[in-house]
Amino acid sequence: MVKKFSEIGEDICRCNRCGFCEEVCPTYRVTGEEYSLARGRNRLMRRSLEGVFDLTKEPEINHHIYSCLLCGNCVVACPSSVITDTMIKSARAAITAAKGTPFPIRMALHGVLAKQRRLTLGAKVLRFYQRSGARWLARHTGFLGLLGSMGKAEGVLPEIPERTLRDRLPQLLKKPAQAKGRVAYFAGCMMNNFFPDVAAATIRVLQTNDIEVIVPTSNCCGIPHEAYGEVEAQIKLAKENLDAFSREQYDAVITDCSTCAHGLHYYAELLEDDPKYGPLAKKFSAKVKDPAQYLVEVGYKQEMGEVRAKVTYHDPCHGVRGIKVKEQPRQILKSIPGIEFVELNESDWCCGGAGSYNVTHYDISRKILDRKMANFKKTGAEYLVTACPACLMQLGHGLDVHKLPAKAIHVMQLLDQAYQNLGSRSSSKAG
Amino acid sequence: MRQETIKALREIVGQEYCQVDKAIRRQHGYSEKAIPDVVVYPENSEQVARVVKAAIEEGCPVVPWGAGTMAWRGLLPLTGGVAINLTRMKKIIEYDYENQTAYVEAGISLKELQEVLVEHKLYWPVEPLEPDSCTLGGCIATNASGPSKLGYGDAKFHLLGLELVTPTGDIIDTGGKTVKNVQDYDNTRFLAGSWGSLGIVTKAMLKLRPLPEKEGTVLIVLKDLEAAAKAATTIRNETLPVALELLDAAAMGILARAGYKPNSSGVGVLARFTGFVEQVDVMIDYIKNKYQAAVTLDEEAAVAVWRARGQLFPTLAGERGAILINAAVPFTKMLEFLTKARTELDKSNIEAIMAAHFGNAQVHIMLAQAPEAYAEVEKMVNSLADLAGSLNGMLVVDNITDMTLARRWVESRGKAIFEIMRRLKTSIDPHQIMAPNSKVLAYVTRPVS
Amino acid sequence: MIDQATINELRNIVGKKNVDTSKISLDTYMYDAGLVYGNPEVIVFVENKQQIAQVLKLANSKKIPVTPRGNGMGVSGGAVANRGGIVLVMTRMNRILEIDVENRIAVVEPGVLNIDLQRAVAPYGLVYRPDPASQKVSTLGGNLGENAGGMVGIKYGVTKDHIVGAELVLPDGQFVQIGGKVEQIVPELNFNALLIGSEGTLGVVTEIYCKLSPASKAVKTMLTAYKTLEDAGRAVSAIIAHGIIPCTLELMDNNVIKAVEEWLHIGLPLQAGAVLLIEVDGWDAGLDRQAQQIIDICKEVGAIEISLAKNAQERDNLWMARRNAIGAMGRLRPNYDMEDATVPRTKLPQILKTVTKMAEKYNITIGMLAHAGDGNLHPLVLFDERDEDEMKRVHKIRHELFRTALDLGGTLSGEHGIGLGKLEFMTWAIKPEYLKFMRHERLAFDPNEILNGGKFVPETAA
């Protein structure tokens, strides 16, 4: 059940304008602008509810509603626990319902992200762009400068691999001899197309721990759609995924993308009023786990090889505040022999990636990323570990443009490497 | 002054409290030539206000006065006008020891005040030059301080509110009774140290401190300035002294004449600690472990040494008088300043001593030279001023009438400061009668004799 | 009314993108964290002192009101543009310019967060003592303007005890240095005292010289509970009377206790009328004895529970109630207003009782927080600002609160400032002659009264 914008009056009136969100709102911290702050956005939404403005008709309000990262940090810091990020989503839904989404975004959401084969095709086109001379040309002829924010964000794209995760499944999936459990791995859009190596690592780790892994068909989890106010689309995708997964048996639904984990977990609330899908979603969402969370819960093998490295951890927003996973990845990292773990200052601050935010709002995303990189630099770590592919992309971009001698990596990749190093005298590093 | 004004004054304060006797007027003036026309001794604030109004009528200046112990430092010579002596106004109106406050009239002597306060184990931690005879009003008007300003701050830090008679004869109350108070401009602290130029403080709400459980004084006499400055720096960096003084060898020599004879000669570092027994002991032990030469002084010796420190200037001055130079530099520049200043001072044959509130990075240089003969040392003093300036500090001479040095530093604030002072003074004191000889506003008041 | 020519001139000074006249943007600059709204005409973001000087000079020449603003965390209307005009946003001037460890001075731009200064000096074993509850979000410029307090006020003082000077731009664009980094020995007026707490009426600070202090080496923390507010008040008095100066002495009443306990379940005694969080600090030596003295005093007064923290973790736990007090109360109703009144310490129990009665009389929930050592009380008044009748009752409560505070020998504001929020009460506390005196002071700096005009010192009849 998604709250309509017209219904958020009670929630929005809880904002006292106390300003304590200023401590943790990344867009405020890098701009110093009131309308780039939770308090300011709440003000604009409230004024819209009061009839002073019509948020569906004011491009500026639209801009501020969309400059929010949806990182949820404000909700935690707020003395009155005002649910700003939820209200922003309601506002976006209202705007989208009135105006529709801009064509390129509609294309991306409906034409690509909701159609996995097209997504994969699109990824292959991008790969071609990267490996042919096209990228070199684009970068050196100033063509990118013509593309505004998207042009700046071009560097954020990782090197796109030749084969998707699904392509590799036949070689990857091996049912353990003595399976302790069975999980359904949810192959998110980004993992499948951009980071199949990470997904492979996750699957291997599970299998090493005698967990059988199945990978049902699935479509986009729907979070990007929610972010653009396309609630109907999100619901449609949710039902599609629930149908696919309800055909299988499993103890848990594992996804190594924190955003998908949050999105899938949210299905219960999203569909709670639906007579058919409500109970399905409730059952499904209760089983959704982040891999670190799952492994700590059921126990994981402690016999590992060494990985000698200094590492630190960045909490994805959808991890630490979405599905509330914070300690487990740290526990796993600290349990790997040879790992020296240091805490990252402001580890739970958004990296500025926020899905497609770094494409639509490159400048401000970059300022937030710079702050993250400044914090990372202080750790002296060689691995910046996280649990979300969008963060991996953004952090990787940050390390690149700041020329830092470090790598962004998923926590499962390190654990996978540790298991692989067992038996061999290698303490080779991951990735 | 017109006879009718004197008559009016007599009516306000009473015949016997309106004095035109020359000897009494001389006591309230800067020098033989610069004395007021009349001295009045009002009984209460209302009388003070009426006196001010009478002065407005006459068009003559008024200067508030207590025991006069500080006048020579902050006032310029002034001929004529009314000296308003507040020493009859010495009531302790309210001693709220549970709240650790006292509401007191300005004319009380500090000695009398402390004697009453101590009955409930409290005191007012301000150390003027003359701790017994200085009046409360004097402490406030001059923002008095002594060595313990390091730990406690000067007078303004111990005021919660003031009653002021304004230059237009109104009676106003600044601040209040509470420690935290932002309902007015902080005129309580602003007026402290205003030397009467913006009004006459007639009452004050004092913030009191509990008497410390223990006080301890340590004296270290070391070979030279460098050793002493290093020791003092360490003490300031590594412990929490309430007072930290450095006396150069010459000053140590005067210390003996002033009432405390040190056991050895050299440069002295004097530190005081107050508080709970354990805290005082552990800090003093810390120092004694670091410095073999450190000795703890027993109560009697401690009282003597601090008193002697306070008496350095009058002892050096004697009958002839002395020049009091006041310098402030960044803390890290203290050794450099002291060393170079000493070198400069040694070039002349005038006896000169240096006594520093080391923790505050402030140095008193005292020259055995009459203030009237300042011209002879002016060049040297200017060199010292340049030295202080080169170290990002400043230097003034407290007890001369020449304002050149003071003006130099005030100008460096930006010339707009003079405009502000002028507007402030002319709006608050439109008749230009209120202590026009106060140095603090001498930059903008009309010239005085 | 600001005309287009002025807008163009502003754009020339700070750059087009730093001048915002959009009605949407202006709407978000109408408020601070308090209850009063303004009507700004243009928002100007400044990045350096020269820009400030030029903007002020321009505004002054045309008598355009200017409202400097940090993070807009004030609750008295200090950053609210009550007369339209320019809101001067200082958030981008947020550099720490210098940390001079051995001279124990830091020089900061006014947009620096209080907490950022703390963090910057902590590695050197130094602290900047004033620690207002808003320290993570309030700027030093704002702290200076309001003379912000903090929890260690009773022992270490407040902002005016720790700022030794500032660079100030006057409304006519001229710069002056107020105070300074060395001991102030020149015969001159103490403008530093006037500046701190002047609520932005005298000039705009561009650099602040902060005094740094050595960090305490050790601390002892106790949480003590009492059956009644009066008992807690007696404990406070007794502790002070023993000559102990704790560095923290925070009181919370039963409403706060209940709200916190219901939310966080940390084991607070629900039957307690009040709790006192007490801390003593200094060198290790003797702290145990001071803590024991305090515990004995509390027992004597009849404390029903006493907890002494044995380590840093336990200390954190004892602080939980105080740290989350506002959050706990904020959950209960749509809106809360944290008021600020101060009385002499011994009158604290009395005013707490009065406030309790007021809450009953007007049927408004009020949770009580107090810096008990300073007699500085923060009633957390809960309401729904959409309920007109409730707002009227809140207004009545404010009136009675300040009337009571003044009658008990207290003050209208201990640390939040007068601004716009308490303007109506100023004539209760301050004589006309003194108001006139203060207006002279204001006009000496700002003859055209463009800086926060109409705030703090109400205009008296000519």
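Val46(C) sits in the loop that links strand E2 (42-45) to helix H3 (49-61) of chain C; helices (H or I, at least four residues) and strands (E, at least two) are DSSP runs, numbered from the N terminus. This is a predicted model, in which local features need pLDDT of at least 70, side-chain atom pairs count only at pLDDT 80 or more, and totals for chains, interfaces and linings use all residues. Residues are numbered from 1 along each chain as its sequence is written, while chains are lettered from A and ligands numbered from 1 in the order in which they are written.

Is Val46(C) buried or exposed? Val46(C) counts as buried because it has 25 C-beta neighbours inside 10 Å. The cut-offs, with C-beta atoms placed from the backbone, are 20 or more other C-beta atoms within 10 Å of its own for buried, 12 or fewer for exposed, and partly exposed in between. Leaving out residues up to four places away in sequence, Val46(C) touches a set of residues including Val14(C), Ile52(C), Val55(C), Leu88(C) and Met93(C). Contact here needs C-beta atoms, placed from the backbone, within 7 Å. Arg322(C) is 276 residues from Val46(C) along the chain, and their C-alpha atoms are separated by 36 Å.

Now for helix H14 (residues 388-407) of chain C. Its 20 residues at 1.5 Å each should span 28 Å, and the end C-alpha atoms are 29 Å apart, which agrees; the expected span is 1.5 Å times one less than the number of residues. Val394(C), Ile397(C), Arg398(C), Leu401(C), Phe402(C) and Ala405(C) of H14(C) are buried. Looking down the axis of H14(C), the buried residues fall within an arc of 125°, so they line one face of the helix. That arc is taken over the directions from the helix axis to the C-beta atoms. Glu388(C), Asp389(C) and Lys392(C), on the other side of H14(C), are exposed. The cover over the buried residues includes E16, strand E17 (341-342), helix H13 (348-362) and strand E19 (376-383) of chain C. After H14(C) comes Gly409(C), with a positive phi near 85°.

Helix H8 (residues 229-241) and helix H10 (residues 287-301) of chain C have axes that come within 9 Å and cross at roughly 140°. Axes are lines fitted to C-alpha atoms, for helices over the stretch in contact, with angles from 0 to 180 degrees between N-to-C directions. On the H8(C) side the contact uses Asp231(C), Arg234(C), Ala235(C), Ala238(C) and Ile239(C), and H10(C) brings Ile294(C), Ile297(C), Cys298(C) and Val301(C). By class, that makes seven nonpolar, no polar and two charged, where Ala, Val, Leu, Ile, Met, Phe, Trp, Tyr, Cys and Pro count as nonpolar, Asp, Glu, Lys and Arg as charged, and the others, Gly among them, as polar.

On to the chain contacts. Of the two pairs of chains in contact, chains B and C share the most contacts. Chain A and chain B do not touch, with their nearest C-alpha atoms 21 Å apart.

| Pair | Residues from chain C | Residues from the partner |
|---|---|---|
| C and A | 24 residues | 23 residues from chain A |
| C and B | 67 residues | 62 residues from chain B |

On the side of chain C that touches chain B, H16(C) has the largest share, nine residues, and the classes are 28 nonpolar, 25 polar and 14 charged.
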